[in-house]
Amino acid sequence: TAASTATWQPLGVTFQQLRIDLSLFNGQAFGWKSINPSQSSKTSDAEDTKSKTNNSKISREICKDTIYVGVIDDYVIGLKQGDNDTLFTVYCPNNTDNKKIETMLKSYFSLEYNLTDMYQKWAESDERFAKVCGH
């Protein structure tokens, strides 16, 4: 399948900065599908995936098994969680400039903001937030 032969590129974003398993099904992103090759080749819909990822104790290992496929602009893009980075690939069109896709994805996910720094700042000013987010 295309998913198994894809060339994956690092996005330069840690698991703490971007949880693709949660970000892609929160009601603000539409049209993404999740594929878990270790379970089956069946593509689940957003609601099915959302119910599976709502568990706050979901492990990084579970996320690493799943590939998320969606369309941004004219590109069919795959995303998955790597050991130390979020990875992406472009299924269509071929011969796409990966730097262009990387820039587009960073804009799509608003990665110009450092979420870790923001959490720290919020935790310092709100005791309840500090308890909830673990800072």
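Student: Which residue stands opposite Ile77 in S6?

Tutor: Val90 of S6 stands opposite Ile77. This is a predicted model, in which local features need pLDDT of at least 70 and side-chain atom pairs count only at pLDDT 80 or more, while totals for chains, interfaces and linings use all residues. Residues are numbered from 1 along each chain as its sequence is written, and side-chain values use heavy atoms, leaving out hydrogens and water.

Student: How do you know that strand S5 is joined to S6?

Tutor: Strands (E, at least two residues) and helices (H or I, at least four) are DSSP runs numbered from the N terminus. Two strands pair if DSSP finds at least two bridges between them. S5 (residues 75-81) and S6 have six bridges and run antiparallel, so they count as paired by this definition. A hairpin of four residues links S5 to S6.

Student: What joins strand S1 to S6?

Tutor: Two bridges join S1 (residues 9-10) to S6, and these strands also run antiparallel. In this pairing Gln9 stands opposite Phe88 of S6. The C-alpha atoms of Gln9 and Leu87 are separated by 5.3 Å, although the two residues are 78 residues apart along the chain.

Student: Why is Gln9 called partly exposed?

Tutor: Buried means under 20% relative accessible area and exposed over 50%, with partly exposed in between (1.4 Å probe, protein chains only). Gln9 has a relative accessible area of 24%, so it belongs to the intermediate class.

Student: Why does Thr66 count as buried?

Tutor: Thr66 has 9% relative accessibility, so it counts as buried. Thr66 is placed in the loop between helix H3 (60-64) and S4. Contact means heavy atoms within 4.5 Å; beyond four places in sequence, Thr66 touches Ser34, Ile35, Asn36, Leu79 and Lys80.

Student: What makes strand S6 largely enclosed by the rest of the structure?

Tutor: Six of the seven residues of S6 (residues 86-92) are buried, and therefore the strand is largely enclosed.

Student: Which residues touch the most other members of the largest nonpolar core?

Tutor: A nonpolar core is a set of buried Ala, Val, Leu, Ile, Met, Phe, Trp, Tyr and Cys residues joined through side-chain atoms within 4.5 Å. The largest has 20 residues, of which Leu24, Trp32, Ile77, Leu79, Ile101 and Leu105 touch the most other members. Strands S4 (67-72), S5 and S6 and helix H4 (98-108) each give two or more residues to this core.

Student: How do you know that the buried residues of H4 line one face of the helix?

Tutor: Ile101, Glu102, Met104 and Leu105 are buried in H4. Seen down the helix axis, the buried residues fall within an arc of 165°, so they line one face; the arc is that of the directions from the axis to the C-beta atoms. They pack against S1, S4, S5 and S6, whereas the face turned away carries the exposed residues Lys99, Thr103 and Ser107.
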